[in-house]
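Here's a quick briefing to read with the structure open beside you.

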Amino acid sequence: MISLLLQPIEHIASTDILSCGPETPIYEAASLMVQSGCGSIVIMNTQGEVLGIWTESDALHVDLSEEASYQHPIQDVMSSPVITLPHSMTVHDAVVKFRQHNIRHALVKKFETIIGMVSLSDVVLCQGPEAFLGLKRVGAINAHPAVILQGSDSLPVAVNTMRQRNLTAVGIQLSDGSFGILTQRDVVRLVATGQRHAELGQVCTRPLVGVPLSTSLLQARQVILHHQIRHLGVFDDHNQLVHIIGFREIIQSIEHEFLLELHEALRERDEALLKSQQSLLLADKVFESTMEGIIITDAKGIIRSINPAFSRITGYSRDEAVGNSPAILKSGKQPPEFYEYLWRCLHQEGSWQGEIVNRRKNGLLYTEHLSITAIRDEHGEPQHYVAVFSDITQRKLAEERLHFLANHDALTGLPNRTLFIEKLQSAVGQAKQYERRFALLFIDLDRFKQVNDTLGHHAGDELLIRIANELQHIVPSLSTVSRLSGDEFTILLENIVSMQQVAYWAQSILDAISAKSSVAGHEVFISSSIGISIFPEDGSVADELLVNADTAMYRAKERGKNNFQFYTADMNASAIERMKLEYGLHRALAKNELEVWYQPKVALDSTRIVGAEALLRWRHPEMGMISPGQFIPIAEESSLITSIGEWVLDTTCADIRSWRDAGLLDGRIAANISGLQLKYSNIVETVSRILKKYDLDSSVLELEITENVAMDEDSGMVEVLHRLQTLGIYLSIDDFGTGYSSLSYLKRLPVRGLKIDQSFIKNLHQDRDDAAITQAIISIARSLGLDLVAEGVELEEQRQFLVEKGCLCGQGFLFSRAVPREEFAELLKKQGVLQLVELGEPA
Ligand SMILES: Nc1nc2c(ncn2[C@@H]2O[C@H](COP(=O)(O)O[C@H]3[C@@H](O)[C@H](n4cnc5c(=O)[nH]c(N)nc54)O[C@@H]3COP(=O)(O)O)[C@@H](O)[C@H]2O)c(=O)[nH]1
């Protein structure tokens, strides 16, 4: 309905307009109306101006009693003024005008020319009144009761009656009982022909076409159209004429329903309009206030509109953007194929979304998340493109930062284990594809833990950062340096051509790391052990290469640290062995698998026992007796040395106590003490506590410290040794001659004895150098006033040589191997109480 109401009135106006001049006599105007079948005539002057209108109902006002009145000019009886409506006015607005002016007709004007006439009936008819007509009965239209005159009544009586009672027709009862009808149109016809006094029975139209009360208005309308008449008689069940209804009444009777419907339709339209206005307003507000930038382009991609967020993000004002292409934002970071794909998506699917790097007006790059949608017309042709984007630069930076943190070591900034494994896997893939070799270097810092423990974690961190920088500078540019954990670093050397080349880099790394450096205000000497595996020889997958480089690194540790080792297949066996030992060592103490054995120290001239060295033994349930030379380094690496060392001291003191109680021992027993134990285990307090525990005097215990440990000037060793000396402990230097003792430093140490290393004793009877060294050590000891013990005396010639040169105390298989405590007790028993003698007193 709405669409019909919104059409212009010229579409429904009737264009058959009858007109006459204002001077036209009434009868002549009536005659024109009768001839043309029109119900009205428009009165115009010669300029074509509308002066008034004369309708069928106006004909009732003609005085039929006076003949001259027919001659009067029409302008005397016309209605004026006439409402004129513009041709483009909507039907809806015309209805409003009809109601405002209480009229049923209006002329339609186009460019000052009257082109037609529109009536309320035209409006109703153009809406298709069938639906309303079908629902209503003729009895329900509230028509006037029929006015019935007699056929013998005169025409003026009928005209007066119709005028006074505002009727469009009256019924005429004829002498034969049938009915005729006189309508306004009949009156016009009679005016046109000049009849004034005729009897109604002569001039009425007969017969009166009638319908019963129950007839629907739709049927009544069809009867009217069928008979080409304008009025119907309505008869009740007793065949009495109750109403006379005309086409106009029929239409008027549904006007009410029609207007109600119209009102409802308009209300709905207004509501819909309001809603759409509100949603437009809302959309407008969203457009203006959203945080997302919005660009609307035409079909050619030219910017037609942008919102404030666009300007905020890009820096381009509305004037700068509108009329331009979004290419003003192009950063050059996306290749042409990217844009080709974007446009293909837009054409095929109507939308695209993704991330894109663009450039702000100030030249800075930013990343945006962009959604573009094509707006198509009803033919599917794109009319506009709407692009909505948000600036995700900060989010991307945060994501990148998170990604970096997840893949890099926070302290050094180097790739961490996760990223290293990725790079290693990728290196394997590349090397396989291009048949190349690469080397994996596994670097572990030696004694880094001590730096941490003694100087604190800040110093440790400082050292790690320095080493990380060092490594990055030293290796070839395409290498990847990573930090796996703590003091473990890896280096991937790609495209290697020879083992010599790898060895060169490994040595360079060792040299760089072992250089003396200052950390947290202290001079530290740090070194490293490097294990190397080569692709493809030492592994075809990342894990295998890493495990093998790690194994080779352990071999480097075993070989005295500060060196590098290439992986070899046999390393695996010893690595597994080592793992087994380490695992077993953890439970050895708890399971009582450790024992302390004793090797006698004898007076070389008399072979009488003058002391003993406590030596640790591990009776492994499966592997049998394991030498301390095998497991002490593992204990040192895994920090087990502290508890094991303490257990040795406790067991030794317990044995001393029992031998003293048995009256077997009145002398001194030596125990070995590891450098780590000395530095990090509160050795002074431990020794003091254990002596107290067994109620022993400190003079019964000797501690042997290896030469290298004793010479470590930077570790605070001297202070510990002094404290032990203060406690009354006898200190001696083990393996003397293998290290690099500075005699002046040695002189300052609170040691009382030297033990000549067995490597010199072994061949002294046949090697002049060893004999000379041994003799030199004996001289040094003498000049420094130190006791001497020769270790590893296996032959009589060795014993004699030593006695001759003045070394009077020795230890070796010539006299006894290390034996279990019970056996040692037996040895003591055989020769009586062990006296404390000044061993090896220089001659
Ligand atoms: N920190 C600790 N170190 C310890 C402890 N117990 C032993 N050790 C050290 O282990 C290394 C190996 O010791 P071991 O296998 O017991 O060998 C000792 C002797 O059995 C051996 N020896 C003695 N005489 C001879 C000989 O005539 N020939 C020969 N081939 N070997 C002989 O020498 C080792 C004693 O060496 P040393 O300590 O240098 O006097 C060794 O370094 C031990 O120090 C422990 O409890 N803690």
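Leu441 sits opposite Ile491 in strand S20. That pairing belongs to strand S18 (residues 438–446) and strand S20 (residues 488–493), which run antiparallel to each other over six bridges. Keep in mind that this is a predicted model.

**The five-stranded sheet**

- S18 and S20 are part of an open sheet of five strands, in the order S19-S20-S18-S23-S24, with mixed pairing.
- The edges belong to strand S19 (480–485) and strand S24 (564–566); each has a single partner strand, so one side of each has no neighbour in the sheet.
- On average, neighbouring strands here are turned by 20° against each other, if you ignore direction.

**Helices packed on that sheet**

- Helix H15 (residues 417–434) packs on the sheet and touches S18, S19, S20 and strand S23 (527–535). The direction of H15 makes about 135° with that of S19.
- Helix H19 (residues 542–558) packs on the sheet too, touching S18, S23 and S24. Its direction makes about 145° with that of S23.

**A pair of helices**

- Helix H16 (residues 448–455) and helix H17 (residues 457–474) have axes that come within 6 Å and cross at roughly 140°. That angle makes H16 oblique to H17.
- Where they meet, H16 brings Phe448, Val451, Asn452 and Leu455, while H17 brings His457, Ala459, Gly460 and Leu463.
- Sorted by class, this contact has five nonpolar and three polar residues, and no charged ones.

**The three-stranded sheet**

- Another open sheet has three strands in the order S7-S8-S9, again with mixed pairing.
- Strand S7 (148–150) and strand S9 (179–183) are the edge strands; each has a single partner, so one side of each is left without a neighbour in the sheet.
- Neighbouring strands in this sheet are turned by 35° against each other on average, direction ignored.
- S7 pairs with strand S8 (residues 169–173) in the parallel sense, over three bridges. Within that pair, Ile148 stands opposite Gly171 in S8.

**Around the ligand**

- The ligand is surrounded by 24 residues, and the closest are Leu615, Leu616, Pro628, Asn672 and Gly812.
- Which elements give two or more residues to this shell? They are strand S26 (609–620), helix H21 (628–637), helix H22 (641–661) and strand S30 (730–736).
- By class, the shell holds nine nonpolar, ten polar and five charged residues.

Methods:
Residues numbered from 1 in each chain as written. Predicted model: local features only at pLDDT ≥ 70, side-chain atom pairs only at ≥ 80, totals over all residues. Pairing = 2+ DSSP bridges. Helix = DSSP H or I, 4+ residues; strand = E, 2+ residues; numbered from the N terminus. Axes fitted to C-alpha atoms, helices over the stretch in contact; angles between N-to-C directions. Contact = placed C-beta atoms within 7 Å. Near = placed C-beta within 6 Å. Nonpolar A, V, L, I, M, F, W, Y, C, P; charged D, E, K, R; others polar. Parallel < 35°, antiparallel > 145°, perpendicular 65-115°, else oblique.
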